[in-house]
Amino acid sequence: FSEYQRTWMEARGFPATSIDVVPNYLALELPEPLRTADVRGPTRLGFVAKDFRAKGGEVLLAAFAALRARHPYLTLTVVGSPPTKPDGELAALGVRWLPFVPREELLSTLLPTFDLMVYPSLFDGLPYGPMEGLAYGIPAVVSDYRALPELIGAHAGRVSRTGDPASLAAAVEELLDPDAWAAASAAARQRFHQRFSATTQREALGASYRATVTQGKTPRG
């Protein structure tokens, strides 16, 4: 499901011609219209994860504290895990924390309020949370852990060093520029459509299966 996994398999002796890469994908319609950020640039960061620590939540909080010191208008919404601090302390930090919301509410109500998805995971493949954000035109800042950079490709966000709050803060700051954010937002929607939408990827998966069962052909390398 990723170029990282292809490389891993090739290093262990699997022939390149026997491997196709078809990423995880979602049957999710692209919402309209295109997103717009505040005139001064993006202000609202979002983080969605059930396992707060494994997905880099502590790294994010450290990075966000540094970001808020330089950009006090920024806010952060954390969704999906139990809060690690009291509500009053979180509010003072500019953090809104929602332990759990149904997926439909996440998609229809919360994601449209995010300007950036921050996902500095310490353990992951190609997760659906930031993938859903791409469909909404939400650029993602991800860690360089294994296949995570494949989520955003060259233009749909930024990559930070795994476990490094300073690197994460710097990557977010690159997207606080309104023009940089607008370009990444458009690229996010395009990336989702081309790489992670069921509309395009189910055909790629079908072609891979057909190639393996007809006339002895192997999948495209």
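Helices α8 and α9 are roughly parallel to each other, a label given to angles under 35 degrees, with those over 145 called roughly antiparallel, 65 to 115 roughly perpendicular and the rest oblique. The axes of α8 (residues 178–196) and α9 (residues 198–213) come within 6 Å and cross at roughly 25°. Axes are lines fitted to C-alpha atoms, for helices over the stretch in contact, and angles run from 0 to 180 degrees between N-to-C directions. Helices (H or I, at least four residues) and strands (E, at least two) are DSSP runs, numbered from the N terminus.

The model is predicted: local features need pLDDT of at least 70, side-chain atom pairs count only at pLDDT 80 or more, and totals for chains, interfaces and linings use all residues. Residues are numbered from 1 along each chain as its sequence is written, and side-chain values use heavy atoms, with hydrogens and water left out.

In α8, His193, Gln194, Arg195 and Phe196 meet Ala198, Thr200 and Gln201 of α9. Contact means heavy atoms within 4.5 Å. The residues of this contact are two nonpolar, four polar and one charged. Here Ala, Val, Leu, Ile, Met, Phe, Trp, Tyr, Cys and Pro count as nonpolar, Asp, Glu, Lys and Arg as charged, and the others, Gly among them, as polar.

Helix α8 also packs against α5, at an angle of about 120° and with the axes 7 Å apart. Met131, Leu134 and Ala135 in α5 meet Ala188, Arg189, Arg191, Phe192 and Phe196 in α8. This contact has six nonpolar, no polar and two charged residues.

The largest pocket has a volume of about 390 Å³. On a 1 Å grid over the protein atoms alone, a pocket is an open set of points where a 1.4 Å probe fits, with protein on both sides within 12 Å along at least five of seven lines; lining residues have an atom within 4 Å of a point. Of the 19 lining residues, Val48, Ala49, Lys50, Leu106 and Gly129 are the closest to the centre. Helix α5 gives the largest share of the lining, four residues. By class, the lining has 11 nonpolar, two polar and six charged residues.

The structure holds 11 salt bridges, each a side-chain nitrogen of Lys or Arg within 4 Å of a carboxyl oxygen of Asp or Glu. Lys55 pairs with Asp124, the closest N and O atoms being 3.0 Å apart. Lys55 lies in the loop between β1 (44–48) and α2 (57–70) and Asp124 in the loop between β4 (116–119) and α5, so the pair ties together parts 69 residues apart in sequence.

How values were computed: Points joined across faces, edges and corners; volume = space filled by probe spheres on them.
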